[in-house]
Amino acid sequence: MSKVQPLLREIMMGDLLLKNRLVMAPMTRSRANNPEFRSTELQAKHYGQRSSAGLIITCGSQVSKNAVGYINTPGIYSEEQVDGWKLVTDAVHQKEGKIFIQLWHVGRMSHPDFQNGKPPLAPSAINPKSKTFTHEGFQDTVTPRAMTIDDIKQTIQDFKNAASNAMKAGFDGVEIHSSNGYLFHQFFTRCSNNRTDEYGGSIENRARFLFEVIDAIKGVIPENRIGARLNPSFHDIFGITVDEETIPTFEYIVEKLSSYNLAYLHLSEPFNDVTNVPFAELKIAEHFRPKYKGCLMINNKFNQERGNTVLQENLADLVAFGRLFISNPDLPKRFELNSDITRYDKKTFYTPGEKGYTDYPFLTKL
Ligand SMILES: Cc1cc2nc3c(=O)[nH]c(=O)nc-3n(C[C@H](O)[C@H](O)[C@H](O)COP(=O)(O)O)c2cc1C
């Protein structure tokens with residue numbers, strides 16, 4: 001029996017050897033405050049500092065101009081953006097890290113301020129009645145415009161272009177952000193999708209858009225370099241609610257994803273307390289592990305102890321750490337030495353510049 005703690009054991013993820021099982025979870029940091037919405041040396045420094053993770057997943061990156069929903073998030077649809085990301089992938093690869101980019105479309109969580117005054121696109125014209133963060137601060141969401149079949153086809157093409165750009169930028173792979181109440185999740189859920197065509201109604205129809213995107217991306221990236229993210233018990237956030245069809249919908253999606261040869265499936269345990277929410281699944285890893293044959297990544301509020309336990313119990317293969325990686329660039333080393341963890345500062349999550357982004361300390365005594 002290996003004495004190395006489970007989180008620090010290497011693993012083959014498809015054809016990629018990861019040096020440990022700690023993944024840096026995707027986190028928006030709103031620091032692409034330049035006219036091209038591109039990454040710069042600042043992002044290269046930030047991700048380079050964290051390249052001791054087995055795998056880094058970048059912040060959500062919009063696949064087109066109209067996919068955006070927050071200020072200063074980087075895109076992956078223009079040449080300037082590809083050039084910006086090259087700085088990042090180079091910095092990570094120089095330190096023998098691995099990095100996937102998260103491909104993002106926020107759907108109805110956008111705002112007319114980001115869309116030349118027009119309503120954002122979504123599966124159906126249903127206002128999430130939530131808030132969105134714009135240059136004017138938090139604003140109420142609006143009723144989106146229901147996507148036409150042409151809009152859907154264009155968006156699939158946008159994801160394919162973005163994936164192709166990701167390869168040009170030197171990424172090891174892509175994660176489809178099919179989670180957390182954004183566009184794909186809006187298709188999956190009845191409360192945000194009342195379409196009557198082949199993208200609405202039945203479970204199979206509501207899942208269709210995701211599989212069409214994966215099939216399109218497979219044309220430009222090997223299947224084993226594509227990951228997907230799901231948050232089955234996401235409830236009462238961004239206008240998404242769990243109902244009796246939610247878990248069966250995610251079961252269908254997970255079982256179908258299992259027939260692909262993806263890099264990984266990234267699942268989140270419930271973001272908020274859903275103990276009393278009818279039909280919500282409380283134990284995501286336990287519930288979905290038997291339904292997925294490939295590499296399973298689990299996330300949400302893990303620490304060293306819980307991360308090692310979930311791997312020891314064989315409920316997952318990888319653990320994604322979000323906030324701990326914000327404030328601990330050398331998190332694997334800290335786990336190895338059982339050393340102190342630096343507390344993150346929420347106030348600098350989304351502020352521009354180095355503060356709270358590249359100035360968290362490394363361990364000095366090794
Ligand atoms: C500042 C911040 C930004 C985030 N941005 C994203 C994002 O762009 N894409 C995404 O899928 N999740 C995003 N998340 C969610 C994280 O990936 C992760 O699920 C969450 O932080 C819970 O994991 P943790 O408890 O290890 O932090 C974000 C979380 C934080 C704290």
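Strand 13, residues 296-299, is covered on both faces. L296 and I298 lie on one side, M297 and N299 on the other, and all are buried. The model is a predicted one.

Strand 13 has a partner in strand 12, residues 264-268. Four bridges link strand 12 and strand 13, in the parallel sense. Within this pairing, H266 has M297 as its bridge partner. Strand 14, residues 318-321, also runs parallel to strand 13, and three bridges join them. Here N299 stands opposite A320 of strand 14.

Strand 3, residues 22-24, runs parallel to strand 4, residues 55-62. Two bridges join strand 3 to strand 4. V23 faces L55 of strand 4 across this pairing.

## Helix 5 against helix 6

Helix 5 covers residues 203-217, and helix 6 covers residues 246-257. Their axes come within 10 Å. They cross at roughly 35°, and the crossing is right-handed.

Which residues of helix 5 meet helix 6? On the helix 5 side they are I203, E204, R206, A207, L210, F211 and I214. On the helix 6 side they are P248, T249, Y252, I253, K256 and L257. By class, this contact has nine nonpolar, one polar and three charged residues.

## Helix 3

How far apart are the end C-alpha atoms of helix 3? They are 29 Å apart. Helix 3 has 20 residues, 149-168, so at 1.5 Å a residue it should span 28 Å, and the two values agree.

The buried residues of helix 3 are D151, I152, T155, I156, D158, F159, A162, A163, N165 and A166. Just after helix 3 comes G170, with a positive phi of about 95°.

Definitions and conventions:
Residues numbered from 1 in each chain as written. Predicted model: local features only at pLDDT ≥ 70, side-chain atom pairs only at ≥ 80, totals over all residues. Heavy atoms only, no water. Axes fitted to C-alpha atoms, helices over the stretch in contact; angles between N-to-C directions. Left-handed = near helix turned anticlockwise from the far one by under 90°. Contact = heavy atoms within 4.5 Å. Nonpolar A, V, L, I, M, F, W, Y, C, P; charged D, E, K, R; others polar. Pairing = 2+ DSSP bridges. Expected span 1.5 Å × (residues − 1). Buried < 20%, exposed > 50% of the residue type's maximum accessible area, 1.4 Å probe, protein only.
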